[in-house]
Amino acid sequence: MARAAVLGRLSRIAWQLGAVAELVDETARVKTLVLEVPDWAGHRAGQHVDVRLTAEDGYQAQRSYSIASAPEDERLAITVERLDDGEVSPYLAEELVVGDKLELRGPIGGYFVWEVEQGGPLLLVGGGSGVVPLVAMLRHRAASGARVPTRLLYSARSLEDVIYREELGRLAASDDELEVAYALTREQPAGWMGYARRVDEEILREVSYPSGEGLAFVCGPTRFVETVADGLVAIGYAPEQVRTERFGPTGG
Amino acid sequence: MDEQDLKLDGNAAAGLLRELFAFELTTARGRCENCGAVAEVGAVSVYANAPGSVLRCPQCESVLMRIVSNGGRYWLDVRGISWLEIRA
C-alpha cells in the first residue's frame with residue numbers, strides 16, 4: 001500500500017481538498033472564501049483550519065485561518081486578509097478563482113471555542129481580522145436562536161476596514177440582546193458616534209458586563225490581545241473568564 | 001518588531017499537536033515544572049519563529065515543551081511540564 005494512503009488513514013488530522021464555491025469581497029483587503037469540502041467533519045465556532053499551498057518545486061507554506069461560518073451553515077467559509085508581504089494570503093485573496101481546489105485540514109483547536117450551551121453573558125473583543133472567529137460565534141448564536149446577552153467590541157482602522165459591517169448591523173438591529181460597538185483607530189467618518197481611539201480600559205469598562213460577569217473572547221494581533229486581556233483583568237474579570245487568540249505579527 | 005510581537009498562544013500549536021496526540025491538547029491542563037502554575041495548553045505562550053515551536057509558561061515564561069518536525073520525524077521535549085490532564 002502506498003505510504004501516503006497509510007498515513008492518511010492513521011493521521012488523526014488529514015489534509016483534504018476543498019473546492020472554492022464562492023468568493024466574497026468583504027473590504028478592499030479582505031475576502032471570504034466559501035468552500036465545498038466533501039466529508040467535512042463539522043466544527044465549533046472559534047475553531048480554525050490550516051491551509052497549505054504547494055509550489056511547483058515542492059515548497060510548501062502553511063497558515064491558519066479562523067472559520068467564519070457557523071456550524072449550522074451548509075458550507076465552510078474562511079475570511080482572509082491580504083498581507084502584501086505574505087506568502088499565502090496574496091494567493092488566497094487575489095489569485096484563487098471559483099472552482100479552484102485548496103488543501104486544508106481541520107477543524108483545529110478546542111480552547112478558543114464558544115457553544116451556546118456555555119452561556120454568557122458574552123463579551124467579544126476583536127481587533128482587525130481577529131473579528132472572524134467572533135463572528136462565527138455570533139452566527140452560531142443567531143442560527144441556534146439563543147438569547148445569550150452578547151456584546152461585540154470591534155476595533156478597526158476605519159469604517160472601510162470593518163468586515164461583515166452590514167451583517168453585524170442587521171444582527172444587532174433584530175436582536176435586543178446583542179450590541180455591537182466600534183472603535184475606529186485611524187480614521188472616522190464625519191459625525192462618528194462610536195469610539196475613535198484604540199481600545200483602552202475605559203472603553204472596556206463601558207462595554208463589558210457589570211462585575212465581569214460571564215465569558216470574554218479576545219482575538220487579534222498579539223499586542224491588541226495583550227492590552228485587552230490585561231484591561232479586562234484590571235476591571236474585574238478573572239483570568240479564567242478571558243479566552244484569547246493571538247494572530248501574531250504576520251499570519252500572512 | 002520585538003519579542004512581544006512574536007508571541008502567540010496555544011491555539012497556534014493546535015494543528016501541530018493534533019499531528020502527535022490522539023486527543024485535543026489545547027483544552028488539556030498542564031503544570032509548569034518550574035513555577036507550578038497550571039494552565040490550559042491553549043492559554044500558554046507559543047513562539048513559532050524558532051526552528052520548531054516553543055511553548056512557554058504564561059506565568060514564568062520558562063520552556064514547557066519544544067516540538068521540532070522534519071520530514072515525518074518529530075522531536076518532542078516535554079521536560080518543562082510536570083503533568084498533563086487530558087480530557088478524552
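In this predicted model, 15 residues of domain 1 of chain A are in contact with 14 residues of domain 2 of chain A; two residues are in contact if their C-beta atoms, placed from the backbone, lie within 7 Å. On the side of domain 1 of chain A that touches domain 2 of chain A, seven residues are nonpolar, five polar and three charged. In this classification Ala, Val, Leu, Ile, Met, Phe, Trp, Tyr, Cys and Pro count as nonpolar, Asp, Glu, Lys and Arg as charged, and the others, Gly among them, as polar. The domain assignment of chain A places domain 1 at 3-108 and domain 2 at 116-246, with bounds from an automatic or database domain assignment. The centres of these two domains of chain A, taken over C-alpha atoms, are separated by 25 Å.

Residues are numbered from 1 along each chain as its sequence is written, and chains are lettered from A and ligands numbered from 1 in the order in which they are written. Because this is a predicted model, local features need pLDDT of at least 70 and side-chain atom pairs count only at pLDDT 80 or more, while totals for chains, interfaces and linings use all residues.

The contact between the chains takes 17 residues from chain A and 21 residues from chain B. By class, the side of chain B that touches chain A holds seven nonpolar, seven polar and seven charged residues. Helix 2 of chain B gives the most to this side, with four residues. Helices (H or I, at least four residues) and strands (E, at least two) are DSSP runs, numbered from the N terminus. The elements below each supply at least two residues of the side of chain B that touches chain A.

| Element of chain B | Residues |
|---|---|
| Helix 1 | 3-6 |
| Strand 1 | 8-9 |
| Helix 2 | 14-20 |

Chain A also has an open sheet of five strands in the order 9-8-7-10-11, with parallel pairing. Two strands pair if DSSP finds at least two bridges between them. Strand 9 (178-184) and strand 11 (242-246) of chain A are the edge strands, each pairing on one side only. From one strand to the next the twist averages 10°, with axes as lines fitted to C-alpha atoms, for helices over the stretch in contact, and angles from 0 to 180 degrees between N-to-C directions. Strand 8 (residues 150-156) of chain A runs parallel to strand 9 of chain A and is joined to it by seven bridges. Leu153(A) stands opposite Ala181(A) in strand 9 of chain A.

In chain B, Trp75(B) lies in strand 7 (residues 73-77). Trp75(B) counts as exposed because it has 10 C-beta neighbours inside 10 Å; the cut-offs for other C-beta atoms within 10 Å are 20 or more for buried and 12 or fewer for exposed, with partly exposed in between, and C-beta atoms are placed from the backbone.
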